[in-house]
Each structure stands twice: as structure tokens, then as C-alpha cells.
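Here is a short note for a first look at this structure. Keep the model open while you read the points.

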Amino acid sequence: MKVFQPPPPSQQEIGMGALAGICSGYLFKKVSKYAAATAVVGYIAIQGASKAGYIKVNWKKVNDKIEDMKEVKFIKETISDLTDEISEIAINEDTLVLENEGKVVATARRVYDHLKHNAATSGSFTAGFVLGILFA
């Protein structure tokens, strides 16, 4: 009779997912605190330098760039709307898929399929991630 028997594969997956989630959540919270502090200190430093006269802002150039960005965004949105209207629906085995599916939708679909396939590991990782954030 063996003294130690390794756990079944499903329990190993759950344990590894939870451990990875706890580590990821802990590191995420620690790193995000330092990133936020760095951003605040940088913002305060830039504002102080601007008040002291070390930094001069060319507001006309800033406004021109913003207007250019608005025009580009409008053109992209118009093209996106037109391609959505032109898209044809192709029947896939499981779902209806748009031929000109956007990158975000396609990525979300791949993530969903992956999570559905690895439900035990994904669930334990998510729970561990939340615990890691809570106890950091």
C-alpha cells in the first residue's frame, strides 16, 4: 500500500489553476499600486513644471491634432458600419459567424471556447485571482 497517492488529473488542474490565479492576482494588485503611484507622481511633476514655466504647451497644435483624430475616427466608424451591413452570414456547424467579424468579437469567441473547454482550470484560476487580489 502506498503512503502517498497523487491526486487525480482533474484535482491537479484545479490546484494548479488556483495557485496560478492567486499568484497572478497578488502580483497584479502590487504592480497596479506602484503603476498608479508612478502615474500620479509623474502628473504632479508635469503640472509643477508647467506652472513654473519650464513647459510650454502649443494649444493650437494640440487642438489641430484632436480635430484630425476625430476625422479619422469618424471615417473608421463609417467604414465599420458599412462592412457590418455588407457582411453575409455563413452557417458554421455550431454557430452563425459573420464573415467580416471584428477582431474583438473573434477574440472573445476564442476566449469563450477556450474557457468552455478548460472549465475546471479556468474557474479555479478566476477564483484564485480574486483571492489573490483580496489578500494582497
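1. From the N terminus on, the elements run α-α-β-β-α-α. That comes to four helices and two strands. Helices (H or I, at least four residues) and strands (E, at least two) are DSSP runs, numbered from the N terminus.

2. Some ground rules. This is a predicted model, where local features need pLDDT of at least 70, side-chain atom pairs count only at pLDDT 80 or more, and totals for chains, interfaces and linings use all residues. Residues are numbered from 1 along each chain as its sequence is written, and side-chain values use heavy atoms, with hydrogens and water left out.

3. Of the 136 residues, 7% count as buried. Buried means under 20% relative accessible area, exposed over 50%, and partly exposed in between (1.4 Å probe, protein chains only). The protein exposes about 11700 Å². Carbon and sulfur atoms supply 66% of that area. Areas come from the Shrake-Rupley method with a 1.4 Å probe; for residues, only the protein chains shown count as cover.

4. Look at contacts with a separation of 6 or more: residues 24 or more positions apart account for 62% of them. A contact means heavy atoms within 4.5 Å.

5. Helix H4 covers residues 119-134, 16 residues in total. Its first and last C-alpha atoms are 22 Å apart, close to the 22 Å expected at 1.5 Å a residue. The expected span is 1.5 Å times one less than the number of residues.

6. Which residues of H4 are buried? They are Ser 122, Ser 124, Gly 128 and Gly 132. Seen down the axis of H4, the buried residues fall within an arc of 165°, so they line one face of the helix. The arc is that of the directions from the helix axis to the C-beta atoms.

7. Ser 124 sits in H4 and is buried because its relative accessibility is 10%. Leaving out residues up to four places away in sequence, Ser 124 touches Glu 13, Ile 14, Gly 17 and Ala 18.

8. Gln 12 belongs to helix H1 (residues 9-52). Its relative accessibility is 39%, so Gln 12 counts as partly exposed. Gln 12 and Thr 121 are 109 residues apart in sequence, yet 9.1 Å apart in space, C-alpha to C-alpha.

9. Ile 46, Tyr 54, Ile 55, Val 57, Trp 59, Val 62 and Ile 66 make a nonpolar surface patch of about 710 Å². Helix H2 (residues 59-86) gives the most to this patch, with three residues. Ile 66 lies in H2 and is partly exposed, at 37% relative accessible area. Patches are made of residues with over 30% relative accessible area and no salt bridge: like charges are joined within 9 Å, nonpolar side chains (Val, Leu, Ile, Met, Phe, Trp, Tyr) within 5 Å. A salt bridge is a side-chain nitrogen of Lys or Arg within 4 Å of a carboxyl oxygen of Asp or Glu.
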